[in-house]
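Look at the structure below and keep it in view as you read. We will go through it piece by piece.

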Amino acid sequence: MTGATRYDPRQFKALTWFDATAAFAEGRDTPRAYLERCLEAVDAREPVVQAFAALNRETARAAADASTARWKDGKPLSPIDGMPVGIKDLLETKDMPTQLGCAAMTGNFPKHDNAAVWALRRAGAVIFGKTVTAELGGNHPGPTTNPFDPARTPGGSSSGSAAAVAAGFMPAAIGSQVGGSIIRPAAFCGNFALKPSQGGIHRGERQATSMSTHGPHAGSIEDMWQVAIEVASRCGGDPGRAGIQGPMTTPAPVKPNRLILLETDGWARTDADSHGAMDGLLDHLRSAGVEILRRGDHPLIENLERALVGAGDLANTITAWENRWTLRNLIDTKGEGVSERIKARIGAVEALGPDDYRHLLLRREQLRAAWRALASVADAFLTFACPGPAPLWPGDVPGQPLAKLPTGDAVFNTPSSLAGAPAVTMPMLAVNGLPVGVQVMGQDGDDARMTGLARWISGSIDPVIVG
């Protein structure tokens with residue numbers, strides 16, 4: 001691990017906001033001073049981490065000064081008034097370009113705010129910078145490195161959001177997920193993150209695909225929830241959806257009585273050390289009185305496990321079909337600025353027709369029915385949030401086939417995306433000096449309850465370190 005820092009969840013202290021606001025109210029600290037500390041961290045580490053596609057320091061400073069005045073007057077707009085927040089460079093921002101990690105979109109500057117960005121500004125948050133995304137939200141990586149080992153991927157496609165939080169550049173950042181783009185990078189980088197129920201946060205201009213969601217990365221579960229609920233309480237959910245609902249402060253810890261351990265296709269793809277760490281975590285949970293059910297313990301669990309076979313290909317093909325016309329138009333007009341990965345993916349899906357898509361949707365609905373059938377069996381699903389530590393990413397080798405999974409494997413993430421279900425990842429494992437996340441997943445609309453369960457697990461169960 002040359003140039004790396006060993007990660008230990010018992011000792012690592014993430015940057016947090018929720019525990020700084022008392023000092024703002026009492027005049028012992030200010031949002032402007034907090035922002036300056038964030039900028040100092042950026043100056044120190046950004047040359048290696050490369051989390052940002054754009055920074056707007058002066059606009060951020062002006063917003064932090066306005067927040068400082070509100071806290072001084074005892075009139076903050078919300079608990080996140082003054083919080084520096086990063087925005088994934090897929091979401092439009094009126095004061096910074098939105099270039100989608102794609103050379104073909106260089107200079108794209110719509111000068112609009114995405115719905116979630118608008119809501120954050122209304123809550124007083126400081127829009128700090130645009131964080132790097134894998135190209136067009138896919139898996140062709142940008143320059144961002146993992147803060148714990150620059151030779152490894154931070155995950156994708158919310159690579160910059162995950163890395164910026166883990167590097168201490170800001171307490172929270174917005175990511176997005178279609179297959180695994182919130183949960184996996186958060187898990188590789190040791191963050192908390194919420195992938196909401198489908199439609200839980202209004203996507204604004206990004207309505208093209210049926211499984212995409214916006215959600216926060218954060219250094220604490222308190223900040224994770226506060227960002228999510230402040231956004232949802234202002235802009236609501238997608239058209240036809242009520243949006244995330246729950247308390248305006250972090251849900252109280254909720255001890256689960258019974259959890260379903262899902263294996264999915266990822267079980268066989270996960271290394272032995274990570275399995276050993278998960279076994280240790282399961283032992284801790286059992287010792288605390290939590291019952292763990294597995295596929296052999298209930299026929300409905302086995303039914304879901306079978307429905308999840310091939311979930312990654314199902315999710316990827318649905319999304320590729322839904323994106324095909326937008327991406328084909330981009331390739332036809334600006335093809336020299338689009339990666340070979342994107343071109344190959346769209347080329348493959350163009351052989352499909354409407355009947356194929358209908359069949360894919362039927363498979364997804366069957367999976368969702370199997371998921372819903374377990375609602376009364378246990379409090380939540382539990383599994384890895386990533387199949388082991390972040391893999392090394394040396395880059396593509398000229399003359400060789402493109403690497404298949406340059407930002408890591410989303411195998412543990414596509415199930416909740418297909419189900420439209422909320423997922424919360426927690427930094428509960430360290431394997432050979434790197435973070436490995438663990439997630440709880442619930443039923444549609446269970447965002448607050450999953451946060452409460454995750455808060456109990458992360459606050460009551462000791463993390464496990466292997467290697």
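Leu 261 stands opposite Leu 382, a residue of strand β9. This is a predicted model. The two strands involved here are β7, residues 258-261, and β9, residues 380-384. They run parallel, and three bridges join them.

Strand β9 has another partner. It pairs with strand β11, residues 434-441, over four bridges. This time the sense is antiparallel. One place to look is Phe 384, whose bridge partner in β11 is Val 438. How many residues of β9 are buried? Five of its five are, so the strand counts as mostly covered. In a regular strand, side chains alternate between the two faces of the sheet.

Now turn to the helices. Helix α4 covers residues 115-122, and helix α7 covers residues 221-235. They pack with their axes 8 Å apart, at an angle of about 105°. That makes α4 roughly perpendicular to α7, because angles from 65 to 115 degrees fall in that class. Which residues meet there? From α4 come Ala 115, Ala 116, Trp 118, Ala 119, Leu 120 and Arg 122. From α7 come Val 227, Val 231, Arg 234 and Cys 235. Sorted by class, the contact has eight nonpolar residues, two charged ones and no polar ones.

Stay with α7 and find Ile 221, which lies in this helix. Is Ile 221 buried or exposed? Its relative accessibility is 3%, so Ile 221 counts as buried; the cut-off is under 20%. Set aside residues up to four places away in sequence, and Ile 221 touches Phe 192, Thr 250, Val 424, Thr 451, Ala 454 and Arg 455. Ala 193 is 28 residues from Ile 221 along the chain, yet their C-alpha atoms are separated by 7.7 Å.

Next, move to Asn 191. It sits in the loop between helix α6, residues 183-189, and strand β5, residues 192-195. What lies 3.0 Å from a polar atom of the Asn 191 side chain? The backbone oxygen of Ala 162 does. Ala 162 is also one of the contacts of Asn 191 beyond four places in sequence.

Conventions:
Residues are numbered from 1 along each chain as its sequence is written. This is a predicted model: local features need pLDDT of at least 70, side-chain atom pairs count only at pLDDT 80 or more; totals for chains, interfaces and linings use all residues. Side-chain values use heavy atoms; hydrogens and water are left out. Axes are lines fitted to C-alpha atoms, for helices over the stretch in contact, and angles run from 0 to 180 degrees between N-to-C directions. Angles under 35 degrees count as roughly parallel, over 145 as roughly antiparallel, 65 to 115 as roughly perpendicular and the rest as oblique. Contact means heavy atoms within 4.5 Å. Ala, Val, Leu, Ile, Met, Phe, Trp, Tyr, Cys and Pro count as nonpolar, Asp, Glu, Lys and Arg as charged, and the others, Gly among them, as polar. A polar contact is a pair of N or O atoms within 3.5 Å; within protein, one must be able to donate a hydrogen and the other to accept it, and residues adjacent in sequence count only if both atoms are side-chain atoms. Buried means under 20% relative accessible area, exposed over 50%, partly exposed in between (1.4 Å probe, protein chains only). Two strands pair if DSSP finds at least two bridges between them.
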